[in-house]
Amino acid sequence: MPRHRTNDLAATPRTVGRRSFLTLATGTVLGLAACSPQAKTVASSEPVGKLPSGAPPPGTKLTVAVRTTRLQLEPAGLKEDLAFTVSEWPNLSAGPDIIQGFRAQSIDLASNAGIPPIQAKAIGVDTKIVAVQVRPRPIYTFATAPGSDIASVADFRGRKIGFSQGQAQGVVVLRALKEAGLKNSDVELVALPSTQFLTALQSKQVDVAPLGEPTLTKYLDQYGKDGATGIKTDVVDLLTVLWAPVEVLNDPAKAAAVRSFVPLWAKGLVWAWENSDEWIGTYYVKDQGVSEADGRRIVSSLHQPQFPVSWDKAIAWEQETADLMAEGGFVPKQDVADLFDRRFEGLAAESVPARYRETS
């Protein structure tokens, strides 16, 4: 019988080398970097003009890739406050997918961790962060392959680690190795998008990979009996951001729509925190397919939403992250201050009760 080739990236993981960030993050980003004459480090251009203060004009439309807000608007009573038309809510969350959407002008606004904007800048995609949430607790746990004898980060030496350079999970790996006194060369970093970590763990093509919830719970429920475990660290992925292409923010109508969306995003997260029973049913059970008990356990491990009044701390953390990636040879060295559109600074914090504001 003829042998068939597979297109599954998890079936043929690739070891990460220096500067491979620009070419191995995913096939999507590879295509962007290879095809675009802008595939180089450039400073993001500044949005034009002052931030619009009024409501967006009638007929304004945005494509918004923020699934949690979509699910929160109606039960939180915020749907009527949506002052523009959402033409589509793409169910996309991986940074490389969002960057592709930005480049293709098919996504106007998205929510991600802090690392994708660094990736975007590295390949010449001009974007800006317009809102910041800080998460002071770890949200990723290192899951081990079934039957693995790995018991701590120190045991990562010589092992294959799932590594998504353009996503938060990649930085979690780098930070965990650094805190454990390990060099990147002490392990084998296997380049995979985080969406393929499960397949790689199940097939033992990697020994360990960072997983967030509810994926971690689903994985351990299925493979815990076979020896898969979760290794916790104190590594924090501090930022969740809203971000948009500069060309969107240069459009006065769309900029006004983005400005009107930021408070709804923050209020939706606060509503989910204050109405955890309803949110567990809506999101974890119905949307993500975990049990109510697991949903409660996951929520109990989270920290209440915090929105910084000042972005100074967030910018410093983002710079530290970019420096860590540059030290590893994954991106050119860059100044991240221009990734933040400070016209929006404090807008999310101002829209929520004082106990949800981060002022330090």
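Tutor: Start with a term. Contact means heavy atoms within 4.5 Å. This is a predicted model, in which local features need pLDDT of at least 70, side-chain atom pairs count only at pLDDT 80 or more, and totals for chains, interfaces and linings use all residues. Residues are numbered from 1 along each chain as its sequence is written, and side-chain values use heavy atoms, with hydrogens and water left out.

Student: Which strands does helix H10 lie across?

Tutor: Helices (H or I, at least four residues) and strands (E, at least two) are DSSP runs, numbered from the N terminus. Axes are lines fitted to C-alpha atoms, for helices over the stretch in contact, and angles run from 0 to 180 degrees between N-to-C directions. Here H10 (residues 252-274) lies across S2, S4 (109-113), S5 and S11 (239-245). Its angle to S5 is about 15°.

Student: In what order do the strands of the sheet come?

Tutor: Strands of a sheet pair through backbone hydrogen bonds, either parallel or antiparallel. Two strands pair if DSSP finds at least two bridges between them. In this open sheet of 5 strands the order is S3-S2-S4-S11-S5, with mixed pairing. S3 (85-88) and S5 (127-134) are the edge strands, each pairing on one side only. On average, neighbouring strands are turned by 35° against each other, direction ignored.

Student: How many bridges join S2 to S3?

Tutor: There are 3, and S2 (residues 61-65) runs parallel to S3. Leu-62 has Val-86 in S3 as its bridge partner.

Student: How do I read the packing of H5 and H13?

Tutor: Angles under 35 degrees count as roughly parallel, over 145 as roughly antiparallel, 65 to 115 as roughly perpendicular and the rest as oblique. H5 (residues 115-122) and H13 (residues 312-327) pack at about 55°, axes 10 Å apart. They are therefore oblique to each other.

Student: Which residues of H5 and H13 meet?

Tutor: From H5 come Ile-115, Pro-117 and Ile-118; from H13 come Glu-318, Thr-321, Ala-322 and Met-325.

Student: Where is Pro-214 placed?

Tutor: Pro-214 sits in the loop between S9 (208-212) and H8 (215-223). A cis peptide bond joins Glu-213 to Pro-214, with omega about 5°.

Student: Is Gln-105 buried or exposed?

Tutor: Buried means under 20% relative accessible area, exposed over 50%, partly exposed in between (1.4 Å probe, protein chains only). Gln-105 counts as exposed because its relative accessibility is 56%. Gln-105 lies in the loop between H4 (95-103) and S4. Phi of Gln-105 is near 60°, a positive value in a residue other than glycine.
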